[in-house]
Amino acid sequence: MELFLLILVVVAIVAVGFFILTYNGLIQRRLRIDEALGQIEVQLKRRHDLIPNLVNAVKGYMEFEQDVLTRVTEARANAIAAGARGPAEQAVAENQLTGALRSLFAVAENYPQLKANENVLALQEQLTTTENQIGFSRQHYNAVVLDYNTSIATFPSNLVAGMFGFIKREFFDAEPEADQVPAVQLR
Amino acid sequence: MATTFYHQIAANKRNSLLLSTVVIALFAVLGLAIGYAWTASGPGSVFVMIGALALGLVIAGGSYFAGDGLVISASQAHPVDETTEPQLVNVVREMSVAANVPMPKVYITEDSAPNAFATGRDPKHASVVVTRGLLDKLDREELQGVLAHEMSHVRNYDIRYTLLVGVLVGSIALLADMFLRSVFWGGVGRSRGRGEGGGAGGAIIMVLALMLAILAPIIARLVQLAVSRQREYLADASAVDLTRNPHGLERALEKIAVDREVLEVANRATQHLYFTNPIKKWEERSSGLWSTHPPIVERINRLRSLTGQAPLDRDGVLGLEGLD
């Protein structure tokens, strides 16, 4: 009888220990996702802030390319608006902005004065590094989301996850392939 | 990949501790032998041993906390920031985001030979040094490949281990040299003349100490070699994993391979830190078999195999033949 009680107590302690450890592990993984998303947001915000400067700097040279500039400005406005609609939709809007920017830089290749302008070059470098950092932050974000999603879906941590309402998180989708980037009409 | 670099971090921390312990113990033994050679008395030997032990601790501690500063000033590098070198600093920041480590300090050595290295005791206290030649000769994508390689050294704690190896290997050689000189210049003979010799036991200690003093620098140098070759391949692989792009790094290696400029500030104590071996084969100070780096062609071919390209022929590539 005493032995039975002892086993019961040991089992209870192990079970409680497992619950606490698993719960804390899940919370930690979820915090890492929020931190990684924060890192992306900072870069996206920086890109949104840089774009008006770039548009102003190139406007004078590229008066015949109004449609390219308009597309960048619109894509920026869309991306800012999409920020409130979750990572998946935000990723789509940001990818469109990336595409629009690439078109702009491709067209800018046709304007030698533009390529000689220090201010434009500096802005282009800023945007390139911001875009690269968005890409690398996104890799990191997707890795931590995968880690979290795997642990809430697999046994035994899924028991704890189900009990405390841990839900699956969305990935920040990969960049569009080169062929999906809008085509540029060169004059 | 993830498990690989966690293993690498654990191994580097373990090896750093092991190396420091072994070196400090070697200091103690060599100190005892020097003490014996000088004084030929028990208390005298112990006194010198304690001195050497303290010196060993100071050197190990000093290289752990201040070795990076020493290496950076030896490479005659000056710090740069966003306003002076925007592109370099931006690329370093990108790679620190990719490797998920804090932003390291960035330095430039004003030398036209393209090369780079990273140093520091951990990712929170890390520095990246590149030469002016690297910035001038590589495009942005190639620079990114090189810095991804350096950032892998930072993330994997290679920097801690290689820093300790550099300083400790140097100081072992110095101490062993000191001991051999003290024996050579008749310390032992003088004490024997005073009739205080330690007898057979003392003679055995002396022989062992002599052997140790001769072998220690060689062993230390072998440790320096063994640690670096494998580490370079691993850092190349990690760099591709970070950038998801083998081409930048591959082209950077190709450009550096055919570059004939010589990096004057590099020496045998710091050569194992660099991106590619700064001491080139045709230089007089090169030491063939004792190379700290794998052959560049081999590194390029490992990257080419990732993208399914045919390997370069080691002997057939003009301009690469002198490389290491």
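Where in chain B is confidence lowest, and where is it highest? The legends below take up this point and then turn to individual sites. The model is predicted, and local features need pLDDT of at least 70, side-chain atom pairs count only at pLDDT 80 or more, and totals for chains, interfaces and linings use all residues. Residues are numbered from 1 along each chain as its sequence is written, and chains are lettered from A and ligands numbered from 1 in the order in which they are written.

**View 1. Confidence along chain B.** Confidence in chain B is lowest in helix α7 (residues 187-193), with a mean of 47, and highest in strand β2 (residues 105-109), at 96. The score is pLDDT, the predictor's confidence in each residue, from 0 to 100. Chain B has a mean pLDDT of 80, and 84% of its residues reach 70 or more. In residues 189-197 of chain B the pLDDT is below 50, and this stretch has nine contacts in the model beyond near neighbours in sequence. Residues 318-324 of chain B also have pLDDT below 50, with 20 contacts in the model beyond near neighbours in sequence. Two residues are in contact if their C-beta atoms, placed from the backbone, lie within 7 Å. Where pLDDT is low, the predicted coordinates should not be read in detail. The model scores ipTM 0.76 and pTM 0.80.

**View 2. Packing of helices α1 and α2 in chain A.** The axes of α1 (residues 2-59) and α2 (residues 66-82) of chain A come within 11 Å and cross at roughly 165°. Axes are lines fitted to C-alpha atoms, for helices over the stretch in contact, with angles from 0 to 180 degrees between N-to-C directions. Helices (H or I, at least four residues) and strands (E, at least two) are DSSP runs, numbered from the N terminus. The two helices, α1(A) and α2(A), are therefore roughly antiparallel, a label for angles over 145 degrees. To the contact α1(A) contributes H48(A), I51(A), V55(A) and K59(A), while α2(A) contributes L69(A), V72(A), T73(A), R76(A), A79(A) and I80(A). By class, this contact of α1(A) with α2(A) has six nonpolar, two polar and two charged residues. Ala, Val, Leu, Ile, Met, Phe, Trp, Tyr, Cys and Pro count as nonpolar, Asp, Glu, Lys and Arg as charged, and the others, Gly among them, as polar.

**View 3. Surroundings of A100(A).** A100(A) lies in helix α3 (residues 87-108) of chain A. Because A100(A) has 23 C-beta neighbours inside 10 Å, it counts as buried. A residue is buried if 20 or more other C-beta atoms, placed from the backbone, lie within 10 Å of its own, exposed if 12 or fewer, and partly exposed in between. Leaving aside residues up to four places away in sequence, A100(A) touches R71(A), V72(A) and A75(A).

View 4. Most residues other than glycine have a negative phi, and most peptide bonds are trans. A cis peptide bond, with omega about 0°, joins F155(A) and P156(A). P156(A) is placed in the loop between α5 (118-153) and α6 (157-163) of chain A. In chain B, Q76(B) has a positive phi near 55° and lies in the loop between α2 (42-74) and β1 (77-79). N100(B) has a positive phi near 60° and is placed in the loop between α3 (86-99) and β2 of chain B. Q76(B), with 14 C-beta neighbours inside 10 Å, counts as partly exposed; N100(B) is partly exposed, with 18 other C-beta atoms within 10 Å.

Terms used:
Parallel < 35°, antiparallel > 145°, perpendicular 65-115°, else oblique.
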